[in-house]
Amino acid sequence: MNSAPPGCEQRENVKIEIAHLQPVTARPCSALTLIIDHDLGFVMWLGEVFNELGCQAVPALHCRQGLALAKRLELPITTLLVNPELPGATRTVKALAAANPGMRIILIRDSAAQPVPCNADNRIHVIADHGVAKQANPKGIQTRLTLERPSPWEPISRTEWVARVGQLLAKSPAQ
Amino acid sequence: MSVGSIAVWPLERRSRERFPLALAVEYRLLDYDERWGAGKTCNISSTGALFEVSERRLLSGSIELLVSWPCLLDGVCALKLVMKGRVVRSEGRGVAIESRYHEFRTAGVRAARKRKD
């Protein structure tokens, strides 16, 4: 019996496929970008931007998930975008940098962030410099790259963001 | 009304705090055992999503969305955002949901290849 609303068809093939969904465990593939941020919309947005740039990206909504994903990927992570304010961000950056020599690190910064914010354990210091910041910590993790999250009501343009991220990646030297 | 016209969508009352994204979406109405449909997202945030269904219908109750990640891993492995919540507005083809839970999952290489075929 099909009591579905009009136009809402049963789709057995999809049902079977979805039943086999597994928690994120990407298969071996080419090098990629790992995006770690709690903001789902921004993560999806960045995924599209990276895709338009021809770069493969994978998402994680918190650091633990990012680390678990990285362990399972079995491929080099060439770029890490991470929100340094997330719990465990410093440890995550250190672990991923150690496992992926030469990995680019780009910090996601809130648009409302103060010029010199620090993360919870004060090990990553951010010194803003017209949108490009310098970060360093006593353990030797350094990056000069940040990407500012758009403020909630700021007009957003895909073209502009593709250009912005493209420029950021072009500037980003392997570390 | 196209996906690209979200700025004037009458359903959209919070257009800029969500990110405009036109991604393939499949949904399941949890209160109507195994009712499936498909469409395209208009925007997504941590708290909800607006999407456009393929055929005009009214949706209500609990819902599960499967949103495709923009790229396939290694060209074959599909990554999906699984979002569960409830329909808060449904007009014409537009459906807004409030999210209660979301996570990323893969469908695996085998499922992705099957879909390609």
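## A walk through the model

Reading chain B from the N terminus, the elements go β-β-β-β-β-β-β-α. That comes to 1 helix and 7 strands. Keep in mind that this is a predicted model, so a word on confidence is in order. For the complex, the predictor gives an ipTM of 0.79 and a pTM of 0.74. Here is how chain B looks in numbers:

| Property of chain B | Value |
|---|---|
| Average pLDDT | 80 |
| Residues with pLDDT of at least 70 | 75% |
| Buried residues, out of 117 residues | 45% |
| Contacts from residues 24 or more positions apart, among those with a separation of 6 or more | 53% |

Now zoom in on strand 4 of chain B, which covers residues 48-53 and includes B:Gly48. Is B:Gly48 buried or exposed? B:Gly48 has 22 other C-beta atoms within 10 Å, and 20 or more is what it takes, so this glycine counts as buried. Who are its partners from elsewhere in the chain? Setting aside neighbours within four places in sequence, B:Gly48 is in contact with B:Gly85, B:Ala96, B:Ile97, B:Glu98 and B:Ser99. Take B:Ser99 from that list: it sits 51 residues along the chain from B:Gly48, yet their C-alpha atoms are separated by 4.5 Å.

B:Ile97 turns up again around B:Leu65. Not counting residues up to four places away in sequence, B:Leu65 touches B:Val25, B:Tyr27, B:Ala49, B:Met83 and B:Ile97.

B:Leu65 also leads us to the largest nonpolar core, a set of 67 residues. The residues with the most contacts inside this core are A:Leu34, A:Leu46, A:Leu80 and B:Leu65. Which element gives the most to this core? That would be helix 2 of chain A, with 8 residues.

So let's hop over to that helix. Helix 2 of chain A spans residues 40-52, and its 13 residues reach 19 Å from the first C-alpha to the last, close to the expected 18 Å. The helix is mostly covered, with 11 of the 13 residues buried. Among the buried ones are A:Phe42, A:Trp45, A:Leu46 and A:Phe50, and A:Glu48 is on the list too. Just after the helix comes A:Gly54, which takes a positive phi of about 80°.

Notes
Residues numbered from 1 in each chain as written. Chains lettered and ligands numbered in written order. Predicted model: local features only at pLDDT ≥ 70, side-chain atom pairs only at ≥ 80, totals over all residues. Helix = DSSP H or I, 4+ residues; strand = E, 2+ residues; numbered from the N terminus. Buried ≥ 20, exposed ≤ 12 C-beta atoms within 10 Å, placed from the backbone. Contact = placed C-beta atoms within 7 Å. Expected span 1.5 Å × (residues − 1). pLDDT = per-residue confidence, 0-100. Core = buried A, V, L, I, M, F, W, Y, C linked by C-beta atoms within 7 Å.
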